[in-house]
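This briefing goes through the fold, the helix packing and a handful of individual residues. Please keep the sequence and the model in view while reading.

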Amino acid sequence: MSAIPRRSLFSVIARRRSGSGNPQHHRGDGTGAARLVADMVDYGLASGLALALDVIVLMVCHRLLGLNHLVAAAAGFLAGLALVYVISVRVVFRDRRTVSGRMEIAGFLVTGLAGLALTEALMHGFVDGMGLDVALAKIPTAGLVFLFNFTARRSLLFSRGRGA
């Protein structure tokens, strides 16, 4: 079992999408555009799983338990945050900043809390300001927060430092 690479599922899917069967072509050793796209595809898949959990928790909390949509959105976001962290550090990002594990978790949490603040602001604007249904409001919110989180996490936590 140990012969199977930890990145196999995400890498195979990304290689198929890019049309390349060569893992070096997929990941590359550089820091260029191909690597950025590969990381974004892998993070997108991880975020899709986290988003599924987020939406399930959101809907259960809001529709079944009757919690306020902002409380339910926070609960869903935090569940998704935990899942995407585990997948990100184990599967998605190959490069790591030279910080301790505690600092990496703290940085992930801080970017997550910033993403949560953005989620809350967008959900409030879409639901309370524009009158959208909670489920419909989650669609643009998830897209915007994904872009924010990917950019922040890749640049602050999961990239080589300038001197590396």
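Helices (H or I, at least four residues) and strands (E, at least two) are taken here as DSSP runs, numbered from the N terminus. The model is a predicted one, in which local features need pLDDT of at least 70 and side-chain atom pairs count only at pLDDT 80 or more, while totals for chains, interfaces and linings use all residues. Residues are numbered from 1 along each chain as its sequence is written, and side-chain values use heavy atoms, with hydrogens and water left out.

**Overall make-up**

- The protein chain has six helices and zero strands, and along the sequence its pattern reads α-α-α-α-α-α.
- Of the 164 residues in the protein chain, 40% count as buried, where buried means under 20% relative accessible area, exposed means over 50%, and partly exposed lies in between (1.4 Å probe, protein chains only).
- The protein chain exposes about 9100 Å², of which carbon and sulfur atoms supply 68%; accessible areas come from the Shrake-Rupley method with a 1.4 Å probe, and for residues only the protein chains shown count as cover.
- Among contacts (heavy atoms within 4.5 Å) in the protein chain with a separation of 6 or more, 70% are accounted for by residues 24 or more positions apart.

**Helix 3 against helix 4**

- Helix 3 and helix 4 (residues 69-92) pack with their axes 7 Å apart and at an angle of about 150°; axes are lines fitted to C-alpha atoms, for helices over the stretch in contact, and angles run from 0 to 180 degrees between N-to-C directions.
- Helix 3 and helix 4 are therefore roughly antiparallel to each other, on a scale where angles under 35 degrees count as roughly parallel, over 145 as roughly antiparallel, 65 to 115 as roughly perpendicular and the rest as oblique.
- Helix 3 passes helix 4 in a right-handed crossing; a crossing is right-handed if the near helix is turned clockwise from the far one by less than a right angle, and left-handed if anticlockwise.
- The contact of helix 3 with helix 4 has 17 nonpolar, six polar and three charged residues, with Ala, Val, Leu, Ile, Met, Phe, Trp, Tyr, Cys and Pro counted as nonpolar, Asp, Glu, Lys and Arg as charged, and the others, Gly among them, as polar.
- Ser47, which lies in helix 3, is buried because its relative accessible area is 13%.
- The C-alpha atoms of Ser47 and Leu83 are separated by 8.6 Å, although the two residues are 36 apart along the chain.
- Apart from neighbours within four places in sequence, Ser47 is in contact with Val84 and Phe146.

**Helix 3 against helix 6**

- The axes of helix 3 (residues 33-64) and helix 6 (residues 134-156) come within 10 Å and cross at roughly 140°, and these two helices are therefore oblique to each other.
- The residues of the contact of helix 3 with helix 6 divide into twelve nonpolar, four polar and six charged.
- The crossing in which helix 3 passes helix 6 is right-handed.
- Met40 belongs to helix 3 and, with a relative accessible area of 34%, is therefore partly exposed.
- Once neighbours within four places in sequence are set aside, Met40 is in contact with Phe146 and Phe150.
- Between the C-alpha atoms of Met40 and Thr151, which are 111 residues apart along the chain, the separation is 9.2 Å.

**Helix 4 against helix 5**

- Helix 4 and helix 5 pack with their axes 10 Å apart, at an angle of about 145°.
- The contact of helix 4 with helix 5 comprises 15 nonpolar, six polar and three charged residues, and the crossing of the two helices is right-handed.
- Ser88 is placed in helix 4 and counts as buried because its relative accessibility is 0%.
- Leaving aside neighbours within four places in sequence, Ser88 is in contact with Tyr43, Phe93 and Phe108.

- Not counting residues up to four places away in sequence, Thr119 touches Phe77, Lys138, Thr141 and Val145.
- Val110, likewise placed in helix 5, is exposed because its relative accessible area is 55%.
- Val110 and Arg153 are 43 residues apart in sequence and 9.8 Å apart in space, C-alpha to C-alpha.
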